[in-house]
Amino acid sequence: MMTRGLEQTVMVSDFLTASGSWNLSLLEQHFSLDDRDVIAGIPLGSVSQRGDSRYWFFSKNEKYRVAVRQCDEDFGVGGSDQRAQEGFWMRIWKLAVPNKIKMLLWRACMYILPTAVNLVKRRVLTSLVCARCGNYSEDAYHALWSCKSSKKFWKCTHFFRRINLVGGTFADAFEAVASRLSKADLERFACCVWSAWKLRNDFLHGKPVTRVDHLVENTLDMMARFKSCEERSKLPLVSPQVRWLKPRVNALLLNCDGAVERGQGDRGLEGCCRDHNGNFICGFAVAGPPSLDVLGTELVAVREGLLMMGYMSFSPFTIGLDSQEAVSILKDERDW
Ligand SMILES: [Zn+2]
């Protein structure tokens, strides 16, 4: 970025008017017209509340540094700022949430979500105004938190009462939230951000808009399914040495299995009871309840098997499963 007659010690606040907006005529004196437009397009958010500093916290884009790098080097500062910045991004990348949610947070903090404000800058739209409420310009903070449509959703979560956000950019808001919440709560918050963005997109694309209370349920369900898959991926794979073991004489073996079809997501429950010679005694194969995850389906299959054995008054018997996680839960070795 080319500058004209800029002092090394110049501050961002030197380019703001008394009301806290960009001073366009002053920018014009020191920058080319293109650069002036780029700077004027930077959302100020709560910069005036935060105070001026030698770095633009939430962006690694050189355009935003306004020639302070050389100044930092001359004065020997910037190391801790850079560490703080890296810590901020690491906090997002280390969240145990689906990658699509990390990407959404990152894009929102980098001011590159396709909100009305950004689409106007790219000349895709001509109006900055939020299409949902029609009252405010739509940047990431407005779309994800402060629009009245988003607030309806957030009010159904416990975050709305716990977090008092007072405006600014989405990056400011996320920084404030991240400093107050535990990692687990921050992960739930991140999933809610995803749902708030989905709510906004469904409206704009003319899709049926999910009721906000259902959306909260779906969000928590998404989080639970992700956690369950994560846990399962950490479990050791079944050893190829594992083989069917005969039950002892006069005892029975009940094998149960729950399966979720990849494409349609249909659930199936199956069970088979054999004697100590491997002879088939009885069994079942039925459709499972919808919306359960793989582990839940496995456990419902066990319940069906136990009901069958109780109905037939078979005892004693052993249960055989192929899910290490389900076995751990039934043995009370981990929470369900
Ligand atoms: Zn709005």
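Mentor: Helices (H or I, at least four residues) and strands (E, at least two) are DSSP runs, numbered from the N terminus. The model is a predicted one, in which local features need pLDDT of at least 70, side-chain atom pairs count only at pLDDT 80 or more, and totals for chains, interfaces and linings use all residues. Residues are numbered from 1 along each chain as its sequence is written.

On these terms the chain has 15 helices and four strands. The four strands form an open sheet of mixed pairing, in the order E3-E2-E1-E4; two strands pair if DSSP finds at least two bridges between them. Strand E3 (280-287) and strand E4 (317-320) are at the edges with a single partner strand each, so one side of each has no neighbour in the sheet. On average, neighbouring strands are turned by 15 degrees against each other, direction ignored. Axes here are lines fitted to C-alpha atoms, for helices over the stretch in contact, and angles run from 0 to 180 degrees between N-to-C directions.

Strand E1 (residues 252-260) pairs with E4 in the parallel sense, over four bridges, and Leu252 stands opposite Phe317 in E4. Across E1, strand E2 (267-274), E3 and E4 lies helix H14 (residues 294-311), which runs at about 145 degrees to E1. Contact between two residues requires that their C-beta atoms, placed from the backbone, lie within 7 Å.
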